[in-house]
Amino acid sequence: MKLFQFIHINTKGTTSFGERHTKTHTICPRCGRRSFHNQKKTCGQCGYPAAKTRKYNWSVKGKRRKTTGTGRMKYLKTLTRRFKNGFRENTAPKPRVAAASA
């Protein structure tokens, strides 16, 4: 007869981890990672619902992953070209002067 079949063993290790079946974190609406805490209602990765994105100077690699230029940059990628041309819109480009043939 097995003695330990009906006895609950009070351990903090391997046997206790088998009883954990509830999720503390779910998908974050802002960053899309599984870091949104259900009870706190805050994201451990980006800091949502705070207005400013969570970032710290002690994590250089973390800042590098989330900085400007890691995403689409839908607005910023055309900004330098538009600035160079004086933000002209709905106009024809200035005619180029033909190179003098020698």
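Reader: Is Cys46 buried or exposed in this model?

Author: The model is predicted, so local features need pLDDT of at least 70 and side-chain atom pairs count only at pLDDT 80 or more, while totals for chains, interfaces and linings use all residues. Residues are numbered from 1 along each chain as its sequence is written, and side-chain values use heavy atoms, with hydrogens and water left out. Buried means under 20% relative accessible area, exposed over 50% and partly exposed in between, with a 1.4 Å probe and protein chains only. Because its relative accessibility is 3%, Cys46 counts as buried.

Reader: How many disulfides does the count come to?

Author: A disulfide is a pair of cysteine sulfur atoms within 2.5 Å, and by this rule the count comes to 0 disulfides. For Cys31, the nearest cysteine sulfur is that of Cys28, 3.7 Å away, and Cys31 is in no disulfide. Cys46 is likewise in no disulfide, the sulfur of Cys28 being the nearest at 3.6 Å. The count is therefore 0.

Reader: Which residues does Ser35 touch, not counting those up to four places away in sequence?

Author: Ser35 is found in the loop between strand S1 (25-26) and strand S2 (36-37), where strands (E, at least two residues) and helices (H or I, at least four) are DSSP runs numbered from the N terminus. Ser35 is buried, with a relative accessible area of 12%. With contact meaning heavy atoms within 4.5 Å, the residues touched by Ser35 are His25, Thr26, Thr42, Cys43, Gly44 and Gln45.

Reader: Where is Leu76 placed?

Author: At 40% relative accessibility, Leu76 counts as partly exposed. Its place is in the loop between helix H2 (60-66) and helix H3 (79-84).
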